[in-house]
Structure formats: C-alpha cells, structure tokens
Amino acid sequence: MLQWQKLGRDLNLYVLGQYLLRDKKSTLDDMQGESDGSISDGADHPISAYQALLGSLSVNGGKFSEAFAQRQKEEQGLSSSDGSGNSEEETGWGDVDESLKDSLNSAHPENEAGQVSVDQEGAAFGNGETAAKPPCLVLDGRTPMSIGVAESQEESEDEGAVPDDSYQNNSFKKHLEYNLTDKEVASLLKRGAKFRSERIASGIQKSKWLTTESDLPLEDRNLLSYGVKLRLKKSWIASHRGLLWGDFQSNHQCQFFSLCNSYRDILYSKRPSFYGNGDIQDQEIMDAYLLHVLNHVLKTRDLVTKNNEKKVAASDREAPRDQGFTRPKVLILLPLRSMALRLVKRLLDMVPAAHKGTTEHKERFFDEFGAEDDGSDEDAAEKAKSTKPTDFNALFRGNNDDHFRIGMKFTRKSVKLYSDFYSSDLIVASPLGLITRIGEAQQEKDKDVDFLSSIEILVIDYADVILMQNWAHVTEIGEQLNQIPTQQNGTDFMRIRELFLNGHGRFFRQTLILSAFTDAGINAFFNRSCLNHAGKVKLRCEYPGVLSKMLLQVRQVYERISCTSLTDVDEARFKLFTKQIFGPLKESLQGGIMIFVSAYFDFVRLRNFLKAENVSFCLLGEYTKQSDISRARAWFFHGKRRLMLYTERAHFYHRYKIRGIKELIFYSLPENAEFYAEITNMMEGLENPSSSVLFSQFDNLKLERVVGSSRAKRMLKSDNKTFMFC
C-alpha cells in the first residue's frame, strides 16, 4: 500500500510541475513520454503539492513565464549548449529540485490528510496507460474546487450552450487575455503615467474626464454593443422604467458605464449622493457599476460552464485557463450597513430571472441590515422633526453599523447570501469588517485571507464617508489583494490563468473609487495601489466654493503657512498658531473661542499644548463621552470655559449646534466644504464676527472646495500671505 502511495505522490508532483511548464499546444502524451525526468527522492515522505506549485513558480526568483519560455525553447529542438548546459535547468526542474530539497529530505510522519493521492483515472495514468484527461489532485484532504463544476451540467440544461461574444465588443476577454510584457510591468511599477486625453463629463458642471490612454472609450446607447449578456440586458430593462437615453436612464449614466466597461481604474471625485440632494443621480451611478459587476460575474460563470461542457465532450481536451486561485472576483467596500442594504437590494433587482428563482437567507439579511421597506411613515415623521441638516438625516436614517462582511454566490437558479467567502462570487464588506478578518488571519493559523488573492474588480463607494472612519483600513486591504495564497484551498492548478501564476493579478484588477470629494489619502491610493494595465480615468472639477452660503457677514482672514516640504507642514502649522494666533488669544479676556481641527493628531497636540499653558478650555471630539459632551457644551455657552476644541469627525457624526461661538479659528480646513459653512453660520450675531483660517500649499484640495477653484489658484501663487473675505 505504501508503495502505491509513493508512486501516486511522485506522479502527481510530476504531472503538476510539467503541466505548468508545458506549451498550451502540447498533449498529455508528450508529457508522459518524458516521464524519465520526473523527481523522486526515493523516500516515503508526503509533500505538499502546493509547495511544488510555489517552487515551480519561483524558478530562482524568476516567474512562470520565464520557465515557460525555457520549455518552448527546448521543444523547438535547441541543444543543451544553446541554453545553460544543464538538462534539469532546461526543463525547469533543476530549480524546483533546489526549492523542494528541504521538503523532500525532511522526515514527516505519515498523515493521510497531508498525502498527495490520485483518483482511479490518475492511477491508470500512473500504470503507464494513456490518460484520457489530467488526473484529479486531492491535496491536504480536500478536492479541487472549480467554479460551477458541480453545476455545469445543470446550467447547460437550463440555458443551453453559451454563445461566444464578439471579440471586438468583449472587453472582458480582451482585458483578461492581454499579454502583459515585462517592459509594461516595469512601466506600471514606476507609477508615473500622465493623463493625456480628456472629454467633457456629461451631467457634471465644469468637469471633464482625464485618462492616461490615448482616448476615452466610445459611448453607445445599446447595452449589447458593450458585450453585456442578453439575459442581463432584459433584467436591466425590466428593473428600470423611463429609460431616456437608449438602454440608459441618462447620458451621464451611459458615459460612466462606458468607462466601467473599459476595465480602467476610475476615480470619480464628485459623486452625487443620496445624502447630498442627489438621490436620482446616486442611484444611476450605483446601477451603472452594478451592471458592470454583474456582467463580469456572469461572463466568468458562463466561460467556466462552457469550458466544463467542452471538457466533458472531449475528454482528451487540455484544461482551459479560466480561473484564479480562488473563486471571489469582486470586492465592494461600503462604510455602513444601510448602504450595503441599498446596494444588495438593487443588485437583486438586476439579477437575471434565471438566477434568482430563490434568494437564500434573504430574511436574515434584512433582519441584520435593515427593513426591506425603509421608507416608512414613522421614519418620515422623525425626519421632519429633526433639527439636523437634511444630508445628516439621509445618511444616518438606517442601520449605522460599520462592521460587516457578507458573501454572495450566484448559482444556476438562485442567489445565496452569507455564502462562504471561498465559494462566493462577490463580497460586500465594510473596511472595518474586512480588516478584522485580516487581523484574525494574522493571529490564528487556521484562518487566512486567500479569498482576496484573485479579486478582479474592487469597488470603493462613498469613499468620503470612509474618510471619516479610517482610510488606513482601505490602504491595508489594498496591500492584501492579489497576493499569492498561503494555502491550496482546493484550487484546480490546471485551470489557473497565467496572469495569476506570474503574480500579475494586481495589474489586471480594476479599481473604482467613488467619492463626493477627494483628498491626499484617496489620491495616494489611486496613484500607488491602482496599477491596471488598461489605464486610469479620473474626474477633474471646477469648484464654485461655499462662501456664498454664509448667512452672516463674517470677516474671514486666511493665513498661508510658509512651507515647502510635506513632512514639515504640521510643524510649521503648529508654530504659526503658537507664535502669531495663540498669544493674543491668551491675553484677551474674551471667551467663546472655538478652534476647529480636521485631524485627530492635531487635536491631541493642541489639547496637550493648552493643558501645558493652563488655558480654560473644553473638548468635543469623536471619542468624547456623551456625558462629557453635554457638560462641555453647557460650560462653553455659559462662559465657564473660554475655549473649545472641536473635531471634524465629531461634527460629521453628531452635527452639534454649538452655541456661544464669538470667534472661530480653523486650525485646518475641513475635508467636507459644507462643514465650513455650517460651523461659520453657528457664530453668534455680534457686530464684527471674525474667523481665522490656516492653510498651506498642500491644502489645495480643501481650499478650492471652500473658496472656489479660481480663488484658490490665486491664493496659492500670490506673493501675499494674508487674504480676507467678507
């Protein structure tokens, strides 16, 4: 029995390595004819086949394509003298031997769960008989997981053969089958692509789309011209009434979908939102990228299903490369459960009828994320009584929990919610919910995040809200995407796309970032973590500013900070405040002074400074207890505390009406320009109310949203350092 296990193990390792290095046109008979070069340590020790994969991919620090080229060179009849002179290196096995030396020679106890075995077809192949198809590998006690393999025959009976899409219209196929060269990889890693083409943005005033490519994609009103599945188009039309622009609701939606369908990275920095008086446009944008996501998922399933049928019809057919390391292909990051509820409801409405015969765990989803009908009369009555701004009521009217993650699986006749991540097609999560899972994987050996290894579309929606949570979570999640997995996870190695084997998954991942505004963190993520070979698209806008929204005639003095280095700007800001602004404040007997800060680190620094100076002040930050908040507001209003520190995140989450403000100091401008107008309008009606604003050249994004793009340019280039608006 041990002898058969040893034979099966060696044959499986041989088949695995040789299959990864052989030409796509070679046959299994060719591979079997070279069986004399197989690796065997002669010992009866089991070895992980996944180690064999990683070893064969390494090739002395190289990559799969180099080993593949070496294999082609050998099959073209070149002698050993044309290469390195080593037959093992010519076949690519010499490096595999070195990488597996420790594993092959180490003593491991016999373990059934860790052995490599073959099924009956593999055993026949090991006995020297002609193999009808590659043997099925059973690794670590688990069977290979192919997307839709168990359902392929049933799906073919339901929908019939899946027709081939026109290559000209099939952006899905062109994107994933693109032959990425080493020169292009090096260029992408330099992250220096310039935006060289532009087009007027439809439906957005004074805005235009910029791209790093020679031109932007053409727009067409017919969904089929984009290669959208016919059954998906039918469900789209059925779920949308009043289509005024061909198959789209508006020209703006049509243009945005054409950008999504081009598989380029997109930074949409002026996204209309349901909480910003843009409910209709908000839905149009969400529907557009959901249509793209659904089309991508269905095309992936149809491709695998069709290849499964071909494999059954021709048993000697070579296994196609149509999968990644794991099944999940789309990751959507949202800040709140209420937003996930909106998205999943729209997604279920748009799913073709053939796939939504039943929706599993639907009741559980609505119970945990919110009611299916969230527009009740009670909510409307509470909204009418609220004294908060309308955008605040719209944003926080539902489930405000920011810790969630849920998988979605699309089967032949159903949609499964709460599916296991490794069997899901799509994952909807909050940054906090996903970062918690990453932390668990780092601490517990039995958990991992390999389900992020083959993400092909990343959507970050409502990024302006995520900024108020913790953008660092998004950055860390981006670093975890498209990494070589640590476990085998039932992967069918024979069907992994070469782009994933080469470690090029991140160069084929499309990223969509949608936000009401942008900041340095979002721009840094877009520039450094989005390396799509298809190129980038971003929106450039002209902002009118919010100075016209002032209800009081306030004298606003802007003081520019002299600083040429980003690393020194915080120190320069603090120095300007302590030397020029704080001195007169400390000597003055007037109270009612509010200092607004946008960053928590600035808040902590000023708090410590005021304590050291024995100043009478109170705090109102995002981590302040509710009892302390009520006390601080009362002290400030009645003059028991001369000064208040107030943070942007506290205002975002609570929108407090602070009474007693007589003088206002913006230590830093808010990210959300609307907050500038709201806080300034809270000042008491004095004869000469005034405010002071500190800004630097690195605050240009914030500044232009507050004073307007044209004014901001003049203020940053002017020789003067002080500017005043009334």
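What is the volume of the second largest cavity? The second largest cavity has a volume of about 60 Å³.

**Ground rules**

This is a predicted model, where local features need pLDDT of at least 70, side-chain atom pairs count only at pLDDT 80 or more, and totals for chains, interfaces and linings use all residues. Residues are numbered from 1 along each chain as its sequence is written, and side-chain values use heavy atoms, with hydrogens and water left out.

**Whole protein**

Colour by secondary structure. The protein has 30 helices and 20 strands. Both are DSSP runs numbered from the N terminus: helices are H or I with at least four residues, strands E with at least two. Now switch to accessibility. Of the 726 residues, 53% count as buried (buried is under 20% relative accessible area, exposed over 50%, partly exposed in between, with a 1.4 Å probe and protein chains only). Then look at contacts (heavy atoms within 4.5 Å). Among those between residues at least 6 apart in sequence, 79% join residues at least 24 apart.

**Stop 1: the second largest cavity**

Rolling a probe the size of a water molecule over the atoms shows where empty space is left. On a 1 Å grid over the protein atoms alone, a cavity is a set of points where a 1.4 Å probe fits but cannot get out. A pocket is an open set with protein on both sides within 12 Å along at least five of seven lines, and lining residues have an atom within 4 Å of a point. Points are joined across faces, edges and corners, and a volume is the space filled by probe spheres set on them.

The structure holds four cavities of 30 Å³ or more. By class, the lining has five nonpolar, no polar and two charged residues. Here Ala, Val, Leu, Ile, Met, Phe, Trp, Tyr, Cys and Pro count as nonpolar, Asp, Glu, Lys and Arg as charged, and the others, Gly among them, as polar.

**Stop 2: the largest pocket**

The largest pocket has a volume of about 1500 Å³. It is lined by 40 residues, and D519, A520, G521, A599 and E671 are the closest to its centre. Elements that give two or more residues to the lining include α20 (463-469), α25 (600-612) and α29 (700-707). The largest share, six residues, comes from α23. The classes are 18 nonpolar, ten polar and twelve charged.

**Stop 3: E440**

Move to helix α19 (residues 431-443) and pick E440. E440 is partly exposed, at 22% relative accessible area. Leaving out residues up to four places away in sequence, E440 touches R405 and K447.

**Stop 4: H651**

Select H651 in helix α27. Is H651 buried or exposed? H651 counts as buried because its relative accessibility is 2%. Its side chain makes a polar contact of 2.8 Å with the side chain of Y646. Beyond four places in sequence, H651 touches Y646, Y656, F675, E678 and I679.

**Last stop: cysteines**

Show C260, which is buried at 0% relative accessible area. C530 is buried too, at 1%. How many disulfides are there? The count is zero, where a disulfide is a pair of cysteine sulfur atoms within 2.5 Å.

Notes:
Polar contact = N/O pair within 3.5 Å; in protein donor to acceptor, adjacent residues only side chain to side chain.
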